[in-house]
Amino acid sequence: MEAQAQGLLETEPLQGRDEDTVASADFSSMLSEEEREELKAELVQLEDEITTLRQVLSAKERHLVEIKQKLGMNLMNELKQNFSRSWYDVQTTTAYKKTHETLSHAGQKATAAFSNVGTAISKKFGDMSYSIRHSISMPAMRRK
C-alpha cells in the first residue's frame, strides 16, 4: 500500500509517455460545475491577456522601427555594424592572432624567397645579355 501511495506523490517531471497519458485523459468528469466555470473564465482571461501582450509587442516593434528610421538606422547599416562588431571579435581571439602572426611570418619568408629568385633571374638575364653582346662583337664566334 505504501509503494502505491508513494507512486502517487512522485515529484519527477512528466516524461513523453506520461505526457501522452495525461493529454488523452478526460478530467472534465472529475471537475465540479463550479470548477469548470472557473477554469473557463481563467482560460478566457489568459487568452485576452495574450492578445493584449501581442498588441503591445506589435506597437513597441513599430515604435522601434520609427526610432531607427529617425536615427538613420536601416537594415544595411545594422548589418554593417554587426559585421564590423563580429570581425572585431574574431580579430581579438587568440587563434586569430596566432594565425595572423604565422601567416605574416610566412609571407615575409615568401617575399624574401621571391626576391632571391628574382635577383638570380635578373643576374642570369644580365649574363645572357653580356654573352649575346659579347658574341656579336666577336666575329670569330659568329662563324661557329
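Me: How many salt bridges does the structure hold?

Reply: This is a predicted model, in which local features need pLDDT of at least 70 and side-chain atom pairs count only at pLDDT 80 or more, while totals for chains, interfaces and linings use all residues. Residues are numbered from 1 along each chain as its sequence is written, and side-chain values use heavy atoms, with hydrogens and water left out. A salt bridge here is a side-chain nitrogen of Lys or Arg within 4 Å of a carboxyl oxygen of Asp or Glu. By that rule, the number of salt bridges in the structure is two.

Me: How far apart are the closest N and O atoms of lysine 68 and glutamate 78?

Reply: Lysine 68 forms a salt bridge with glutamate 78. Because lysine 68 lies in helix α3 and glutamate 78 in helix α4 (residues 75–91), the pair ties together parts that are 10 residues apart in sequence. Lysine 68 is partly exposed at a relative accessible area of 22%, and glutamate 78 is partly exposed at 24%. The distance between their closest N and O atoms is 3.0 Å.

Me: What is the angle between the planes of tryptophan 87 and tyrosine 96?

Reply: A search of the whole structure finds one aromatic pair, and tryptophan 87 and tyrosine 96 form it, with 5.7 Å from centre to centre. Rings of Phe, Tyr and Trp (its six-membered ring) pair if their centres lie within 6.5 Å, and planes under 30 degrees apart count as stacked, over 60 as edge-to-face and the rest as tilted. Tryptophan 87 is partly exposed, with a relative accessible area of 41%, and tyrosine 96 is partly exposed at 25%. The pair is edge-to-face, and the angle between the planes is 80°.

Me: Which residues make the nonpolar surface patch of about 400 Å²?

Reply: Patches are made of residues with over 30% relative accessible area and no salt bridge, like charges being joined within 9 Å and nonpolar side chains (Val, Leu, Ile, Met, Phe, Trp, Tyr) within 5 Å. Accessible areas come from the Shrake-Rupley method with a 1.4 Å probe, and for residues only the protein chains shown count as cover. One member, isoleucine 121, is found in helix α5 (residues 94–137) and is partly exposed, with a relative accessible area of 43%. The patch is made by Val117, Ile121, Phe125 and Met128.

Me: How many helices are there in the protein?

Reply: From the N terminus on, the elements run α-α-α-α-α-α. There are zero strands, and the number of helices is six.

Definitions and conventions:
Buried < 20%, exposed > 50% of the residue type's maximum accessible area, 1.4 Å probe, protein only. Helix = DSSP H or I, 4+ residues; strand = E, 2+ residues; numbered from the N terminus.
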